[in-house]
Each structure stands twice: as C-alpha cells, then as structure tokens.
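Here's a quick tour for anyone meeting this structure for the first time. Have a look at the sequence and the model, then read on.

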Amino acid sequence: MARRWLPRPVMSPSMAAGVVRLALVSAAPTPALRAARFPVDEDLDADGLRRAAAAAATLAGALPARARVLTDGSARARQTVRALGLHPTAADTGTDAETQAGGDTADAGVEAALRDLDAGAWRGRGLDEIPLDELRQWHEDPAMAPPGGESRADLLDRVGGWLTRLGGRPGGIIAVTHPAVVRAVLLLVLRCPPEVFWR
C-alpha cells in the first residue's frame with residue numbers, strides 16, 4: 001500500500017545524524033514452517049532460497065544504504081542474508097564483516113536478541129502433536145512458555161532491551177530475523193499490549 005499521503009519529515013542534517021533507521025526482514029520460510037511445525041535451526045530448501053532471491057529484487061533500494069546488517073546467526077537467517085546479497089556487519093565494532101582481521105565472518109553481525117521465540121520441548125513438533133489445551137493457553141496467555149522454552153512476555157523483554165541499546169548507535173540497521181521478533185518490535189514501537197501479539 002503506497003503511503004504518499006504521509007507528509008515527509010523535515011530534519012536538519014544534525015537531527016538526521018542521530019536517527020536510527022531500522023529495516024526488519026523476515027528470514028525465508030523453511031520446510032518446518034511450511035509444515036506448521038515449531039521451527040528448528042534448519043537450512044532453507046530450494047523454495048526458501050527461491051523466495052529469498054525473489055525478495056532481493058523487491059527490496060533493492062528499499063533498504064537503508066550503508067546499513068549494519070544483523071542476524072541471530074541461525075542457518076535460515078544467514079542464508080537469507082546471502083540470498084539478498086547483503087553482508088553481515090560485526091555488531092560490536094561496526095566494521096564490515098569482509099574487512100575484519102583474519103577474514104572470519106562466521107560470527108559477524110550476530111545479535112542474540114534477534115533469535116526466534118524459543119519453543120523449548122515443542123521445537124520440531126507439529127501443531128497436531130501438542131495438546132490442544134496447552135496450545136490454547138500458549139496462544140492466549142503472553143506469560144505462558146512451552147516446557148523449557150520462552151514466553152512471549154520474555155521475547156518482548158529481550159527485544160525491548162535490544163531496541164533500547166540501538167538508540168545509542170544512530171544509522172541504518174537491517175535486521176534479518178524471524179516473524180516473532182518482527183511482531184515483538186511492532187508491538188513495542190506501537191505500544192500495544194502483549195495480548196495482541198497474534199493479531
């Protein structure tokens with residue numbers, strides 16, 4: 001949907017220098033996600049790679065230029081970054097991964113706060129394998145966590161802490177992450193209650 005009716009903000013160069021421009025990109029879907037299973041750290045299949053490559057053309061020019069590129073380090077997020085033609089950035093130094101000493105890019109741009117909602121013991125299981133009353137409670141109660149996992153309230157706290165830290169480093173950031181993290185950012189920025197997470 002075009003947003004041409006919105007007025008363009010007027011900023012002085014000094015104001016613009018202090019702004020954080022965050023672009024959230026959801027990692028391409030995996031076979032587990034398409035099969036309605038709680039995700040595990042798995043590679044993208046041919047369909048996921050095709051979708052990520054198709055998104056690269058759509059996103060060209062829409063993402064902030066000269067931005068730091070961050071992921072949670074999962075296989076699907078890293079593969080989505082590569083398919084989009086992006087280059088992870090070292091989170092602590094702000095230097096491009098390809099210019100780091102030693103050339104090791106394995107941990108470049110990894111931000112733990114961007115990891116997916118932890119499904120704990122439900123990881124890898126289909127929705128039909130979880131008792132319906134547990135699924136219902138998990139869906140309705142933001143404080144409920146799967147056994148050994150993380151609640152949506154925990155996710156919101158984690159992502160909220162990360163957003164607070166971002167304010168200290170103005171500039172462009174591209175975060176290739178997971179749908180749950182994207183939802184958490186939107187709820188926090190729009191100041192919505194956690195009960196609307198699934199809406």
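A charge sits over a ring if NZ of Lys or CZ of Arg is within 6 Å of the ring centre and within 35 degrees of the ring normal. Here, the charged end of R183 does that with the ring of F197, at 5.9 Å from its centre. Keep in mind that this is a predicted model, where local features need pLDDT of at least 70, side-chain atom pairs count only at pLDDT 80 or more, and totals for chains, interfaces and linings use all residues. Residues are numbered from 1 along each chain as its sequence is written, and side-chain values use heavy atoms, with hydrogens and water left out.

**Aromatic rings**

- Rings of Phe, Tyr and Trp (its six-membered ring) pair if their centres lie within 6.5 Å; planes under 30 degrees apart are stacked, over 60 edge-to-face and the rest tilted.
- That rule gives 5 aromatic pairs.
- F38 and W122 are a tilted pair, because their centres are 5.3 Å apart and their planes are at 50°.
- F38 is in the loop between α2 (31-34) and α3 (46-59) and W122 in the loop between α4 and α5, so the pair ties together parts 84 residues apart in sequence.
- W122 also pairs edge-to-face with W138, at 5.7 Å centre to centre and 80° between the planes.
- F38, W122, W138, F197 and W198 make up one aromatic cluster.
- Buried means under 20% relative accessible area, exposed over 50% and partly exposed in between (1.4 Å probe, protein chains only).
- F38 is buried at 8%, W122 at 2% and W138 at 10%.

**Helix α6**

- Helices (H or I, at least four residues) and strands (E, at least two) are DSSP runs, numbered from the N terminus.
- Helix α6 (residues 152-166) has 15 residues and should span 21 Å, which agrees with its end C-alpha atoms being 21 Å apart; the expected span is 1.5 Å times one less than the number of residues.
- Buried residues in α6 include L155, L156, V159 and W162.
- The buried residues of α6 pack (contact means heavy atoms within 4.5 Å) against β1 (20-26), β2 (68-71), α5, β3 (171-177) and α7 (179-190).

**Around D116**

- D116 lies in the loop between α4 (75-83) and α5 (132-140), and is buried at 19% relative accessible area.
- Leaving aside neighbours within four places in sequence, D116 has contacts that include P39, E150 and H178.
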